[in-house]
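Take a look at it first, then follow along.

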Amino acid sequence: MHRERSRFLSIMLFVGFTFLYVPIILLIIYSFNYSKLVPVWGGWSTRWYGVLFESPDVWDAVLLSLKIAVVNATFATILGTLAGLAMVRFGRFRGRTLFGGMLVAPLVMPEVITGLSLLVFFISLKQLFGWPTERGFTTITIAHITFSLAYVAVIIQARLTGMGNNLEEAAADLGAKPFKVMTKITIPMLAPGLLSGWLLAFTLSLDDLVIASFVTGPGSNTLPILIFSRIRLGLRPDINALATIIILFVAVLVAIAAVILFKQQKRDLLDQKMARMPEV
Amino acid sequence: MVNKPPAPEQSKEQGPSQDADQEPLLQIRAVTKKFGDFTAVNDVNLDIHKGELFCLLGGSGCGKTTLLRMLAGFEAPSSGKIIIDGKDMSDVPPYQRPTNMMFQNYALFPHMSVEKNISFGLQQDGFSKSEISDRIDDILRLVELQDYKKRRPQQLSGGQRQRVALARALVKEPKLLLLDEPLGALDKKLREQTQFELMNIQDKVGVTFVVVTHDQEEAMTLSTRIAVMDQGKFVQIGTPTEIYEFPENRFIADFIGSANIFEGKVIETSANHLRIKTEIGHFDVEHNIEVSKGSHVYIGLRPEKIHLSKQAPEKKTENQILGVIDDIGYLGNTSRYKVRLENGRIIDVTAPNQVRPKNRTHHITWEDNVYIHWDASSSMLLNK
């Protein structure tokens, strides 16, 4: 009985992983294809990696994407944290429900609508104030901040609710003024939430194609825009190479995260063991 | 109907001085707290003197924690005043109050070591480094955690965390230490042991404690005085003995310990005795209060104050009824008997098991006919 079930489970596991990873493995294999035509196998080669390294527009796009992602993640984390604090710690204030609803609206809003509305917004801004003079880094960053701060706010809200008021009250009770409570207790306790918020905002920004393509201007291509525009003209082996590099990059990050998580679990276990130990 | 009984003599034996001429350390004046339509604390008044270990006792939602949080400054009273050491606390934020609180779940800072947790409060007050480390050493010695300085809260057992929380709150030498269910998170054995530790520590440091608890045994053991709360109001304030032996009304008699309660009518009054007619017969009640003939009263009878015997008691007493043993609960040290009277009323009786069953001469068992009897001074006259 037990063995049968575990065999069924292993088969399902295998099928699931196949479904998830075979396409990715194929992509990686084809990035080493010598042939210019993607579906035709022309033997192993790193030819397209060479091509990739010699195309400056790809590196411009990578750089732009990373720049936007970092600036976006930083601002979204700051603003999202403030919004989360307002929602959880300020008690009831006028318009709290409305504020809460509007805060999470970007999560459910179709990207096309968000992108379109932001484009209209930037155009009217330019007509009224003459700024932004051209669309590109600034407009994409602003657009990304508007929706990724919503994700950060949700994470921070959850973390704050989970933490409860007690630690902050205890700090105040011990004589810490509100600013001290914030820097010594709230922020350190929020740190994991801040980090995951930042990383999520960073990833969202790197991923985004739809909104960025609405609010970008001539000459400013983020990596997703670049890839998508090249793919439109047909599959290209150098893009496969680029994708492989990105996959490798992500895999390394995931591995690091797993190691950190593992170490933390081990530490928690040790802590529990220590707590159970009879007094020395 | 029944006037408040005068404070019994024996209550003076314990507790610190409560001189009328000395200003109380804590004065609560007509404090009310409302959350929307809900009144959590309803117009309460209380004086607590220096050196007391005062318990706020009540069931969940009775307002005891809200009152404690108002003392700490986390909630502002909707009306009324809180005065600590002569100073009105209305506009004083928590971080400037001469109070410290020990939280129910201890609220230790998980990202700091034991040492850092304790020094946190001292640092806010700008003590020098050497003074801080001296004080930490002293307080850790007091709670017997000298060797745990560098540990983080996660690396401590429940009892150790409790002591760190106590040390952290005490190290600032507050005028008033507020404790929210200080022993609630500990298991029974540890709780009993810790009760006495807590009393010893309070004795050593001399700080005034205000403890919130729902556990009446804890309140009885710990405190010099108890205020029993219900629905946002104090029902009775007094020493543990006063509360247990002289409850003012049925709520207290039933909430603290257990009591058999009868409704009755006063049919005779004499200098210090009343004769009361109840559903189960006529009884004598000793009293020291003014009650008029014909008034409607309640009498309460503690199960352990009733005697149980198979033979009719030698001493002829008026307070005597015949009954049948309906049920027995064996608790080891004592047994609880349910005695069914003729009219079907069940009376709870508790008797100590002083002799092991094998050697018992008058073994009482199910369906035995028994006499229950009690002294006229044992029954408690209750208001409402």
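Q: What percentage of the residues of chain B count as buried?
A: Keep in mind that this is a predicted model. A residue goes into the buried group if 20 or more other C-beta atoms lie within 10 Å of its own. Chain B has 384 residues, and the share of them that counts as buried is 39%.

Q: How many helices and strands are there in chain B?
A: The C-alpha trace of chain B spans about 75 × 50 × 40 Å along its principal axes. The elements found in chain B are 8 helices and 20 strands.

Q: Are helix 6 and helix 8 of chain A roughly parallel or roughly antiparallel?
A: Helix 6 (residues 137–163) and helix 8 (residues 178–207) of chain A have axes that come within 9 Å and cross at roughly 155 degrees. Angles over 145 degrees count as roughly antiparallel. So helix 6 of chain A is, relative to helix 8 of chain A, roughly antiparallel.

Q: How do the residues of the contact of helix 6 with helix 8 of chain A divide by class?
A: Helix 6 of chain A brings residues including Y151(A) and R159(A), while helix 8 of chain A brings G193(A) and L200(A), among others. Sorted by class, the contact has 10 nonpolar, 6 polar and 1 charged.

Q: Which helix gives the most to the side of chain A that touches chain B?
A: This contact takes 20 residues from chain A and 22 residues from chain B. On the chain A side, the elements giving two or more residues are helix 7 (166–173), helix 8 and helix 11 (237–276). With 7 residues, the one that gives the most is helix 7 of chain A.

Technical notes: Residues are numbered from 1 along each chain as its sequence is written. Chains are lettered from A and ligands numbered from 1 in the order in which they are written. This is a predicted model: local features need pLDDT of at least 70, side-chain atom pairs count only at pLDDT 80 or more; totals for chains, interfaces and linings use all residues. Axes are lines fitted to C-alpha atoms, for helices over the stretch in contact, and angles run from 0 to 180 degrees between N-to-C directions. Helices (H or I, at least four residues) and strands (E, at least two) are DSSP runs, numbered from the N terminus. Angles under 35 degrees count as roughly parallel, over 145 as roughly antiparallel, 65 to 115 as roughly perpendicular and the rest as oblique. Two residues are in contact if their C-beta atoms, placed from the backbone, lie within 7 Å. Ala, Val, Leu, Ile, Met, Phe, Trp, Tyr, Cys and Pro count as nonpolar, Asp, Glu, Lys and Arg as charged, and the others, Gly among them, as polar. A residue is buried if 20 or more other C-beta atoms lie within 10 Å of its own, exposed if 12 or fewer, and partly exposed in between; C-beta atoms are placed from the backbone.
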